[in-house]
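Colleague: I am new to this structure and would like to know what stands behind the words used for it. Please take me through them one by one.

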Amino acid sequence: MENNNLEFECNGIRDKGKFPLENTGRGKDISPEFIIKNLSPDAVTLIITLEDFSHPVKKFTHWVIWDIPATDKIAEAIPSGKKIPSMEGATQGIGYGFHRYAGPKPPKGTSHTYCFTVYALDCRLNLKPFSTKRKVLRNAAGHIIQQGSVCGYYE
């Protein structure tokens, strides 16, 4: 049976460690590099979400991007925009980052926990850019063959 636990690293972010300033809303606010370690050969595309687990709105979405071609390395600093031509038309949807990555930026003097989750799918979703994380994951249901998370904190 295939291991459905997807293992990955985010540059500079150790699981349960602190986010580097450059990946936060108080720094350069750029997405980290992702190194995927055990991607299934059946994977066609990837979804990445970033959620704030400490926000009053549970699992507040900071970022959602889907239809990333299945690969073992995703470059840092994914540009803003609905469609990302350099990533074969990967789509960024609606979250705190409106069609873009929006890194951690908790209220001054507080610390929040943030989690990246990467999902490997056996298909493309081809959803409109105004989709939310909820809609993306609802459409991905039944197509997710692997998933994994890396969590960290900021401030």
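Modeller: Start with Thr-61. Leaving aside neighbours within four places in sequence, Thr-61 is in contact with Leu-50, Glu-51, Gly-95, Tyr-96 and Lys-133. Keep in mind that this is a predicted model.

Colleague: What makes these residues contacts of Thr-61?

Modeller: Contact requires heavy atoms within 4.5 Å. Leu-50, Glu-51, Gly-95, Tyr-96 and Lys-133 are in contact with Thr-61 on that rule. Thr-61 itself is found in strand β5.

Colleague: Is Thr-61 buried or exposed, and how do you know?

Modeller: The relative accessible area of Thr-61 is 14%. Buried means under 20%, so Thr-61 is buried.

Colleague: And Lys-16, is that residue buried or exposed?

Modeller: Lys-16 has a relative accessible area of 67%. Exposed means over 50%, so Lys-16 is exposed. Its place is in the loop between β1 (8-10) and β2.

Colleague: Which residues does Lys-16 touch, apart from those up to four places away in sequence?

Modeller: Lys-16 touches Cys-151, Gly-152 and Tyr-153. Lys-16 and Tyr-153 are 137 residues apart along the chain, and their C-alpha atoms are separated by 6.7 Å.

Colleague: Why is strand β4 called largely enclosed?

Modeller: Strand β4 covers residues 45-52, and eight of its eight residues are buried, so the strand is largely enclosed by the rest of the structure. Thr-45, Ile-47, Thr-49 and Glu-51 point one way, while Leu-46, Ile-48, Leu-50 and Asp-52 point the other way, and all are buried.

Colleague: What makes β5 and β9 partners of β4?

Modeller: Two strands pair if there are at least two bridges between them. Seven bridges join β4 to β5 (residues 60-69), and eight join β4 to β9 (residues 112-121). Both pairings are antiparallel. As examples, the bridge partner of Thr-45 in β5 is Pro-69, and Leu-46 stands opposite Ala-120 in β9.

Colleague: How many bridges join β5 to β8?

Modeller: Two bridges join β5 to β8 (residues 90-92), and the strands run antiparallel. The requirement is at least two, so β5 and β8 count as paired. Trp-66 stands opposite Thr-91 in β8.

Colleague: In what order do the strands of the sheet stand?

Modeller: Seven strands form an open sheet in the order β2-β10-β9-β4-β5-β8-β7, with mixed pairing. β2 (17-18) and β7 (83-84) stand at the edges with a single partner strand each, so one side of each has no neighbour in the sheet. Helix α1 (residues 133-140) packs on the sheet and touches β4, β5, β9 and β10 (144-154). The direction of α1 makes about 140° with that of β4.

Colleague: How many aromatic pairs does a search of the whole structure find?

Modeller: The search finds nine. In one of them, the rings of Phe-34 and Phe-116 have their centres 5.2 Å apart and their planes at 85°. Pairing needs centres within 6.5 Å, and edge-to-face needs planes over 60 degrees apart, so this pair is edge-to-face.

Colleague: Which parts does the pair of Phe-34 and Phe-116 tie together?

Modeller: Phe-34 lies in strand β3 (residues 34-36) and Phe-116 in strand β9, so the pair ties together parts 82 residues apart in sequence. Both residues are buried.

Colleague: Why is the pair of Tyr-101 and Phe-116 called stacked?

Modeller: The planes of Tyr-101 and Phe-116 have 10° between them, and the distance is 6.4 Å centre to centre. Planes under 30 degrees apart count as stacked. Ring pairs link Phe-8, Phe-19, Phe-34, Trp-63, Tyr-101, Tyr-114 and Phe-116 into a cluster.

Colleague: How do you know that Cys-115 and Cys-151 form a disulfide?

Modeller: Their sulfur atoms are 1.9 Å apart, and the cut-off is within 2.5 Å. The structure holds one disulfide. The torsion about its S-S bond is about 105°, so the disulfide is right-handed. Cys-115 in strand β9 and Cys-151 in strand β10 are 36 residues apart, and both are buried.

Colleague: What keeps Cys-10 from being counted in a disulfide?

Modeller: The nearest cysteine sulfur, that of Cys-151, is 9.7 Å away, against a cut-off of 2.5 Å. Cys-10 has 4% relative accessibility and so counts as buried.

Terms used
Residues are numbered from 1 along each chain as its sequence is written. This is a predicted model: local features need pLDDT of at least 70, side-chain atom pairs count only at pLDDT 80 or more; totals for chains, interfaces and linings use all residues. Side-chain values use heavy atoms; hydrogens and water are left out. Buried means under 20% relative accessible area, exposed over 50%, partly exposed in between (1.4 Å probe, protein chains only). Helices (H or I, at least four residues) and strands (E, at least two) are DSSP runs, numbered from the N terminus. Axes are lines fitted to C-alpha atoms, for helices over the stretch in contact, and angles run from 0 to 180 degrees between N-to-C directions. Rings of Phe, Tyr and Trp (its six-membered ring) pair if their centres lie within 6.5 Å; planes under 30 degrees apart count as stacked, over 60 as edge-to-face and the rest as tilted.
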